[in-house]
Amino acid sequence: RAQIPVLVSFITGSVDDKHEALERLSKALDAAAAVGRDSVDARLVAAEARLYAALMHLSMGGRIKGVYALRKSWHGFRSLRDEDVVGESAGLSLQLDYGLGLMYFLIALAPKGMASMILRLIGFEADRDAGLASLRKVVNAGPKASIAAPWALAVLLANSLYFPRGFGSNVDILDDARGLLDLALHHWPTSSLFHMLRGQLARKVGNPGEAAAAAEAALAASAGIPGAHLYAADAASAAFAACAWADAVQLFSALLDATAPSGASGKSSGTAFEIRGLCALCYAAALAQLPGRSAEAADALARVPNYVCKSSRFDALASETATRSAKLGPAGLALLAFEITYLKRELKPMCGVVLATYAAGLEDASAEADGDAALIAGLLRAAVAVNAGELEAAAAGLSTVASSEPAHASHVVPYAQFELAELAYSAGNLAGAREWLDRAEACSGYGWQAPLELRIKQARKQLA
C-alpha cells in the first residue's frame with residue numbers, strides 16, 4: 001500500500017524518500033483513475049493518496065502544492081460521505097472515517113497563516129476533536145475490522161504525545177496514551193514506531209530510563225530499514241532530555257556523521273535527513289555542557305546552517321536559533337541546552353535527579369548572563385520554580401521577562417506571558433488568563449512561534 005513509503009520517508013527523514021513516496025502515490029492515483037469513479041474503493045484510494053501527497057508536500061515546505069492536494073482530497077472524501085455510497089460495507093465505512101478523521105485533524109493543526117489559506121480554498125474550518133473521534137472509531141473497531149487501525153492508532157498517539165497542549169498537566173491524556181500504546185504493542189509488539197512512541201510517553205511522565213530503553217528497542221526493531229535516522233535522533237533526544245550531555249553528544253555526533261552534507265562546500269544537498277539541522281543544534285548545545293569543550297561547541301554552533309536541509313520545515317528554526325544564540329556570545333551558548341529543553345516541553349515533566357541536574361546546570365550557565373541571555377535565564381528559572389511549586393517566585397520572574405524588550409531573544413516575552421496565563425488559569429483567575437493570552441497572541445515574528453500559537457489555540461478552548 002502507498003502508506004508504507006510515506007511512513008518510511010518519515011522514519012528516514014530523507015527528502016529523496018519523500019519524493020519516492022510521491023511517485024508511489026502518483027501511481028496509486030493513476031490506478032484509481034483507471035478503475036473509474038464507479039468504484040467506491042478506487043475513489044477512497046484516490047482521496048487518501050491525495051491526502052498523503054499533501055502531507056509530503058507540506059513536510060517539504062511546499063505549501064501551495066500541499067494545500068491544493070488537500071483540497072482535492074477533501075472533495076473526494078466529502079463526495080463519498082454526502083453521496084452515502086459506502087453502503088453496508090463496514091470496511092469501507094471505517095476507511096472513510098479514517099480519511100475524514102485524518103483530514104479534520106491535520107487541518108486543525110495548521111498554523112494561522114496556512115489555516116486561513118486552507119479555509120479559503122476548501123471552505124471549512126476543521127475540528128480537531130471531530131477528527132480524533134473518527135480516528136478513535138476506527139481504532140475501537142479493531143485491526144481485523146479495518147486495515148487503517150494501526151495508522152489511526154499512530155495518529156491518536158502522536159496527538160497525545162507530540163502536539164502542543166494548552167494549560168494543565170495533561171494526566172488524562174497521558175493515561176489514555178498509555179492505554180493506546182498497550183493496545184498497539186499487544187497487536188504489533190515488534191513495531192519500531194510504537195516503541196518510539198512508548199519512549200516519548202516515558203519522557204512525558206518523567207521516566208528517562210524507560211525512554212532510553214524504548215529508543216533502543218525502536219532502533220533494534222528498525223534494523224531492516226536503511227537509514228532509520230528518526231529513531232537514532234529519538235535516542236539522542238532522550239539522552240538530551242535526561243541531561244545526559246555526554247551520551248547526547250556521542251549519539252548526535254554519530255547521527256550527524258551518518259547524514260553528513262554532500263558537496264565540497266559542506267552545504268546540504270537537500271537530499272539528507274530533514275531534521276539534521278535541529279540535531280546539529282542540539283549537538284552544539286550538549287557539547288557546551290561538557291568541561292573544556294566550549295570552543296568546539298562554538299564551532300559546532302557556527303556550522304549548524306551547513307547541516308540545514310533547505311526543504312525541511314523544521315531546519316529553518318535550527319538555523320535561526322543558532323544565529324540568535326551566537327549573537328548572545330558565550331552566555332547564550334551556555335544556556336542553549338536548557339533553553340532547547342524548555343522550548344521542546346521536556347522541562348515540564350522533569351522531577352527528581354534529572355530536575356536537580358537541570359536546575360544546577362542552569363544556575364552555572366546563568367552566572368555571567370546579561371542582556372538577552374539574562375532574560376532567557378530568567379524565563380528558565382521561573383519554569384523550574386513552577387516545577388518546584390514555588391509559584392510566587394515564578395510569577396515575579398515571569399512578570400519581569402514578560403514586560404522586557406529584548407534585542408534578539410524576542411520569543412521570551414510571549415512565552416513568559418503564556419506561562420503567566422497558565423498560572424492564572426491554575427489559580428482560577430480566568431479573566432487574568434485571557435488577558436495574558438491576548439498579550440501573547442498579539443506578539444509576532446519571534447522564534448519558536450508556531451508551537452506557542454498552537455498552545456494558545458488549545459488554551460482558548462479550555463477557557464471557552
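## Arginine 178 and its partner

Arginine 178 is partly exposed, with a relative accessible area of 34%; here "buried" means under 20% relative accessible area, "exposed" means over 50%, and "partly exposed" is in between (1.4 Å probe, protein chains only). Its side chain meets that of aspartate 175 in a salt bridge (3.0 Å, N to O). The term salt bridge stands for a side-chain nitrogen of Lys or Arg within 4 Å of a carboxyl oxygen of Asp or Glu. Aspartate 175 is also partly exposed, at 41% relative accessibility. Why are arginine 178 and aspartate 175 separated by about one helical turn? Because they are 3 residues apart in helix H9. Helices are DSSP runs (H or I, at least four residues), as are strands (E, at least two), and both are numbered from the N terminus.

Before going on, a word on what you're looking at: this is a predicted model, where local features need pLDDT of at least 70 and side-chain atom pairs count only at pLDDT 80 or more, while totals for chains, interfaces and linings use all residues. Residues are numbered from 1 along each chain as its sequence is written, and side-chain values use heavy atoms, with hydrogens and water left out.

## More charged pairs

Side chains of opposite charge can pair when their charged atoms come close. Searching the whole structure turns up 15 salt bridges. One of them joins aspartate 176 to arginine 136, with the closest N and O atoms 2.8 Å apart. That pair ties together distant parts of the chain: aspartate 176 sits in helix H9 (residues 171-187) and arginine 136 in helix H7 (residues 128-141), 40 residues apart. Aspartate 176 is partly exposed at 29%, and arginine 136 is partly exposed at 29%. Setting aside residues up to four places away in sequence, arginine 136 touches Leu156, Asp176 and Leu180, where contact means heavy atoms within 4.5 Å. Leucine 70, on the other hand, is 22 Å from arginine 136, C-alpha to C-alpha, and 66 residues apart from it in sequence.

Arginine 324 and glutamate 339 make another salt bridge (2.9 Å, N to O). It links distant parts of the chain too, with arginine 324 in helix H17 (residues 315-327) and glutamate 339 in helix H18 (residues 329-343), 15 residues apart. Both arginine 324 and glutamate 339 are buried. There's also a network: salt bridges with shared partners join Arg203, Asp234 and Glu346.

Arginine 345 lies in the loop between H18 and helix H19 (352-366). Leaving out neighbours within four places in sequence, arginine 345 is in contact with Gly166 and Arg455.

## The nonpolar cores

In soluble globular proteins, nonpolar side chains tend to be buried together. In this model, the largest nonpolar core has 81 residues, and Phe240, Tyr342 and Tyr358 have the most contacts inside it. A nonpolar core is a set of buried Ala, Val, Leu, Ile, Met, Phe, Trp, Tyr and Cys residues joined through side-chain atoms within 4.5 Å. Beyond four places in sequence, the residues that phenylalanine 240 touches include Trp245, Phe252, Cys282 and Ile340. Apart from this core lies another, of 62 residues, among them Ala28, Ala47, Ala54 and Tyr231.

## Helix H20

Helix H20 (residues 371-387) has 17 residues and reaches 25 Å from its first C-alpha to its last, close to the 24 Å expected at 1.5 Å a residue; that expected span is 1.5 Å times one less than the number of residues. Since 12 of its 17 residues are buried, H20 is largely enclosed by the rest of the structure. The cover over those buried residues includes H17, H18, H19, helix H21 (391-402) and helix H22 (412-426). After H20 comes glycine 389, with a positive phi near 80 degrees.

## How confident is the model?

The chain averages a pLDDT of 88, and 92% of the residues score at least 70. Residues 263-271 have a pLDDT below 50, and this stretch has 17 contacts in the model beyond near neighbours in sequence. The pLDDT is the predictor's confidence in each residue, from 0 to 100. Where pLDDT is low, the predicted coordinates should not be read in detail.
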